[in-house]
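Work through the exercises below with the sequence and the 3D structure open. Each task is followed by a worked solution.

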Amino acid sequence: MEAVLIKSALAGAFLGMVLNLAGLLTWVERKQSAVMQDRLGANRAWIVFPKWLAPLNWLMWIPNRLGLFHSLADAVKMFLKEDFVPKGADRLLHTLAPAISVVFALSAFAAIPFGDVWHVAGRSVNLQVADVNAGLLFVFAMMSLGVYGVILAGFASNNNYAYLGGMRAASQMLSYEITMGVAVMGVVLSYGSLSLQDIVRAQGHLFFGWLPAWGIFVQPLAFFLFMTAALAETKRVPFDLPEGESEIIGYFVEYSGMKFGMFFLTDLVETVLVACLMTTFFLGGWQVPYLGPEGFAFPWGASIALPHGAVIGLGVLSFMLKVAFFNWLFMQIRWTLPRFRYDQLMRLGWKILFPASLVNVLVTSLVVAWRG
Amino acid sequence: MATKLIKRRELTFWDKTYLPSIGLGLWITSKHFFRNLSFQLLNSIGLFKKTRGAVTFEYPEEQRPLSKRTRSRHRLTQRPDGTPRCVACMMCETVCPARCINIVAGEHPDPNIEKYPVSFDIDLGMCVYCGYCVEVCPEDAIRMDTQILDTAAYSRAQMKLDLGELLNPRSNPGLLFARPQVPAQKN
């Protein structure tokens, strides 16, 4: 019972963090694109209280000027819009599709560790919602199941364009899933485990006494392959053929209101998910360089002793910072690169990334076998 | 028809991977991002106001700087005693292609000045901002240099500028922008 409560609290905290981050990403997307294009960006959605609540208005000053409430305004708009189901569409599947998308995207977070085991009040709390020993497979299964939402959305809309969009999305996601899986096999071979917590823990060593054994140093090729494939998986701009905001018609063309909002949210949640996975596999998850269970021990001999709670807290903070960094990077990529053409996308996926990831696995296996 | 053959450059291996170009693109956008971000943050706390982090003019609060020769809303120039320089010669009214100027002339008490405008109306709803009235004026009595461009009103009647408003632009707040007090204007 107690374990269930602890896990529920963990799940609630993590889910809240992820959903808030995804909501915030709509703001980040606007603001970051604006700042890098020499613009100011959204800053007009203000919450202003009447005069007699002036202190609250002072509190609101900074978020108002930053335009933080645009995401809130967006959400309210989504809820108030008409929820339209086209004539001849499959009502059930049309309603189910966005839910499938978002649920599978969110459940993949269960296996991601965001901190070490926390010993508090006589209990050991593993800062991971579900310590699945094949966590990697679980995450990939969830991401693959997310394809169903996309296909069903296209299929159930009774619209040929949506149907084609769904097919495009499905083939893109399936193609890139393979590269993603094979690229990660290199990481699995290097660290010898499918459990994400074990993979993160294995990244705590140091090479040559100073270089953290993070995935990016152990598997640099896999890092780039996985990042490319994962970006394609999120269906965002260099790979946004399924959606194609401005020109092509995507699988959710017949969606409106919060159902569309859920697809939109899925994209952002997947961005966060991919950022979490990148952090877990390649940037050492919650590992802080040179931070051991007793505190910092720097390679030049200095050391700082830290209490257990602070070490755990620093770990969680480092995880969040790394996720934030990857979100920033993905946004930057999204606003820098133009979109691929469909044949280019398929060629990149099947003829370049897939063979490269196979070579990576082969070389890694040989090295692992040679080192015994 | 002569054909011009353009030889395309062979792509090198690194060109084909696109990775250097992607890196370069990210480098450029990141440079803009961090430069603009730091200057926007510094500007917001009042530092380095001269270097802006964005090219945006936040319009209703900030006006975009206009060229001095921009033809904007009209004004009538004044004599040192504050009366209009206009001598009601009707040149502007005659030349106006939109026929938006309407002058009623009266006899001036000073024998050196023949006439003066009893009323001088410009209907901004009809004006095409061609500037002919300024060009044709022999007395330099009308100019279009107020830099006022935001002409908006709730009714056509409110778009008409009278002599007082033309002599002192923006002196009559009830003329433009104000919501009409009467429910509907007949015209």
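**Exercise 1.** How many bridges join strand β1 of chain A to strand β2 of chain A, and in which direction do the two strands run?

*Solution.* Start with the numbering: residues count from 1 along each chain as its sequence is written, and chains are lettered from A in the order in which they are written. The model is predicted, so local features need pLDDT of at least 70 and side-chain atom pairs count only at pLDDT 80 or more, while totals for chains, interfaces and linings use all residues.
Next, locate β1 (residues 113-120) and β2 (residues 123-128) of chain A; strands are DSSP runs of E, at least two residues long, and helices are runs of H or I, at least four, numbered from the N terminus. The two strands are joined by 5 bridges and run antiparallel; strands pair if DSSP finds at least two bridges between them.
Then look across the pair: A:Trp118 is opposite A:Val125 in β2(A). Finally, inspect the hairpin, which has 2 residues between its strands; A:Ala121 there takes a positive phi near 50°.

**Exercise 2.** Give the strand order of the open sheet of 3 strands in chain A, and name its edge strands.

*Solution.* The order is β5-β6-β7, with antiparallel pairing. The edges are β5 (291-292) and β7 (303-305) of chain A, each of which pairs on one side only. Between β6 (residues 295-297) and β7 of chain A there are 3 bridges. One facing pair is A:Ala297 and A:Ser303, the latter in β7(A).

**Exercise 3.** Describe the side of chain A that touches chain B.

*Solution.* First count: 11 residues of chain A are in contact with 13 residues of chain B, where contact puts the C-beta atoms, placed from the backbone, within 7 Å. Two or more residues each come from α1 (2-36) and α11 (308-336) of chain A. α11(A) gives the most, with 4 residues.

**Exercise 4.** Follow helix α2 of chain B: which of its residues are buried, and what do they pack against?

*Solution.* Helix α2(B) covers residues 19-44, 26 residues in total. From first to last C-alpha α2(B) reaches 37 Å, close to the 38 Å expected at 1.5 Å a residue; the expected span is 1.5 Å times one less than the number of residues.
B:Thr29, B:Phe33 and B:Asn36 are buried, that is, 20 or more other C-beta atoms lie within 10 Å of their own. The buried residues of α2(B) pack against α1 and α11 of chain A. After the helix comes B:Gly46, with a positive phi near 90°.

Key: Contact = placed C-beta atoms within 7 Å. Buried ≥ 20, exposed ≤ 12 C-beta atoms within 10 Å, placed from the backbone.
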